[in-house]
Amino acid sequence: MLRLMLAALIGTIPIAITAQEIVSYETDQSFDDVVFGLESAILDRGLVIDGQNHVGEMLARTREDVGSEKIIFEHAEVYSFCSAVLSRKMMEADPLNIGFCPYDIFVAQPVGENVTIGFRNFPEGPMKEVQSLLDSIARSAIGDGN
C-alpha cells in the first residue's frame, strides 16, 4: 500500500528541466562575438530584448555566500525576448502557453571550455514554431546558416 501511495505521489511531482531538454550549439568563437551575434539576430527579426540576466556574475558573486569554491562559468548570460505574433498564436492555441513566455536563449562559457548557445526544448504542438524561431536565432548568432 505504501509503495502504491508513493508511486501516486511521485506521479504528481513536477519534473525539473534536465540537460537533455536543452537544445545547444558549441562554438570556438569568443563569448563577446556570440553575444553580439545573438543580439543582432534577435533585433534583425524585429524583436525586442526584454531582459538580460547576468547568471555568470550572480553565481560568481554568491559563490562564497553559499559555501562553494567552484567557479562554473567564465561568462554566462540569458537573453529574454518575445514575439507578439508568435505569442498571440501560441496562447490562442492554449492560454497556458503563457508559461513559455518570454522566450530565453543563453550564452555560456564554462571555465576552460568553448562557448555554448542554447534554449529549452519545447513540447510537441504549437510551441514547436517558437522553437524553430529560437533555433534560427541561435544558429544565426554563431553564423551557422539561417
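The exercises below work through a predicted model, from its sheet to its helices, its disulfide and its aromatic pair. Residues are numbered from 1 along each chain as its sequence is written, local features need pLDDT of at least 70, side-chain atom pairs count only at pLDDT 80 or more, and totals for chains, interfaces and linings use all residues. Side-chain values use heavy atoms, with hydrogens and water left out.

**Exercise 1. Describe the order of the strands in the sheet, and explain why one side of β1 and of β2 is left without a neighbour.**

Step 1. Helices (H or I, at least four residues) and strands (E, at least two) are DSSP runs numbered from the N terminus, and two strands pair if DSSP finds at least two bridges between them. With these rules, five strands form an open sheet in the order β1-β5-β4-β3-β2, and the pairing is antiparallel.

Step 2. Because β1 (22-27) and β2 (48-53) stand at the edges, each with a single partner strand, one side of each has no neighbour in the sheet. From one strand to the next, the twist averages 20 degrees, where axes are lines fitted to C-alpha atoms, for helices over the stretch in contact, and angles run from 0 to 180 degrees between N-to-C directions.

Step 3. Inside this order, β3 and β4 pair in the antiparallel sense over eight bridges, and V78 stands opposite F106 in β4.

**Exercise 2. Decide which residues of α4 are buried and which are exposed.**

Step 1. Buried means under 20% relative accessible area, exposed over 50%, and partly exposed in between (1.4 Å probe, protein chains only). By this rule L86, S87 and M90 are buried in α4, and because the buried residues fall within an arc of 100 degrees seen down the axis, they line one face of the helix; the arc is that of the directions from the helix axis to the C-beta atoms.

Step 2. On the other side of α4, A84, V85, R88 and E92 are exposed, while the cover over the buried residues includes β3, β4 and α5.

Step 3. S87, at 8% relative accessibility, counts as buried, and S87 touches C82, C101 and Y103 when residues up to four places away in sequence are not counted.

**Exercise 3. Locate the disulfide and state its handedness.**

Step 1. C82 and C101 form one, their sulfur atoms 2.5 Å apart.

Step 2. The torsion about the S-S bond of C82 and C101 is about -95 degrees, so the disulfide is left-handed. Since C82 lies in strand β3 (residues 73-82) and C101 in the loop between α4 and β4, the pair ties together parts that are 19 residues apart in sequence.

**Exercise 4. Classify the pair formed by the rings of F100 and F122.**

Step 1. Rings of Phe, Tyr and Trp (its six-membered ring) pair if their centres lie within 6.5 Å, and planes under 30 degrees apart count as stacked, over 60 as edge-to-face and the rest as tilted. A search of the whole structure finds one aromatic pair; the centres of F100 and F122 are 5.4 Å apart and their planes stand at 70 degrees, so the pair is edge-to-face.

Step 2. F100 is partly exposed, with a relative accessible area of 29%, whereas F122 is buried at 7%.

Methods: Disulfide = S-S within 2.5 Å. Contact = heavy atoms within 4.5 Å.
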